[in-house]
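Visitor: Could you walk me through this one? I have the chain open and would like to go residue by residue.

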Amino acid sequence: MVERSIPPHVIEADTSLSILTDRDEAAIEIIRHSTAHLLAQAVQQLFPGTQVTIGPTVEDGFYYDFASGITLPLKISRTLRSAWRRLPRTT
């Protein structure tokens with residue numbers, strides 16, 4: 001069971017709904033964009049004061065540039081990955 005800090009959204013009227021999967025080429029851009037935002041949020045939680053500068057999606061994924069007054073440790077990937085994976089459960 002996943003805990004949520006906000007209640008799920010309730011659809012109260014007729015609407016159109018699309019399920020996004022990695023099989024839909026248009027959806028991949030949205031998935032990459034959302035994932036990039038989660039990465040930025042994880043970095044800012046781990047390193048308060050870090051500024052997100054630019055982070056576009058690219059042909060095979062996405063990237064982000066960060067401005068920070070600290071040098072990130074070389075072994076940050078495991079810690080960042082862990083923080084990144086927890087975010088969808090709490091946002």
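Visitor: Is R78 buried or exposed?

Guide: R78 counts as exposed because its relative accessibility is 67%, where exposed means over 50% relative accessible area, buried under 20% and partly exposed in between, with a 1.4 Å probe and protein chains only. Please keep in mind that this is a predicted model, in which local features need pLDDT of at least 70 and side-chain atom pairs count only at pLDDT 80 or more, while totals for chains, interfaces and linings use all residues. Residues are numbered from 1 along each chain as its sequence is written, and side-chain values use heavy atoms, with hydrogens and water left out.

Visitor: Which helix is R78 in?

Guide: R78 lies in helix α2, which covers residues 76-90; helices are DSSP runs of H or I with at least four residues, strands are runs of E with at least two, and both are numbered from the N terminus.

Visitor: And which residues form the positive surface patch?

Guide: K75, R78, R81 and R85 form it. Patches take residues with over 30% relative accessible area and no salt bridge, joining like charges within 9 Å and nonpolar side chains (Val, Leu, Ile, Met, Phe, Trp, Tyr) within 5 Å; a salt bridge is a side-chain nitrogen of Lys or Arg within 4 Å of a carboxyl oxygen of Asp or Glu.

Visitor: Let's step back, what is the pattern along the sequence?

Guide: The protein has two helices and four strands, and they follow the pattern α-β-β-β-β-α along the sequence. Of its 91 residues, 18% count as buried.

Visitor: What does the side chain of T57 make a polar contact with?

Guide: The side chain of T57 contacts the side chain of E29 at 2.5 Å, a polar contact being a pair of N or O atoms within 3.5 Å, where within protein one must be able to donate a hydrogen and the other to accept it, and residues adjacent in sequence count only if both atoms are side-chain atoms. T57 is in strand β2, residues 57-58, and counts as buried because its relative accessibility is 19%.

Visitor: Where is T50 found?

Guide: T50 sits in the loop between α1 (25-46) and β1 (51-54). T50 counts as buried at 6% relative accessibility, and its side chain reaches the backbone oxygen of F47 at 2.7 Å.

Methods
Accessible areas come from the Shrake-Rupley method with a 1.4 Å probe; for residues, only the protein chains shown count as cover. Lys and Arg count as positive and Asp and Glu as negative; His and the chain ends are not counted. The place of a charge is taken as NZ of Lys, CZ of Arg, CG of Asp or CD of Glu.
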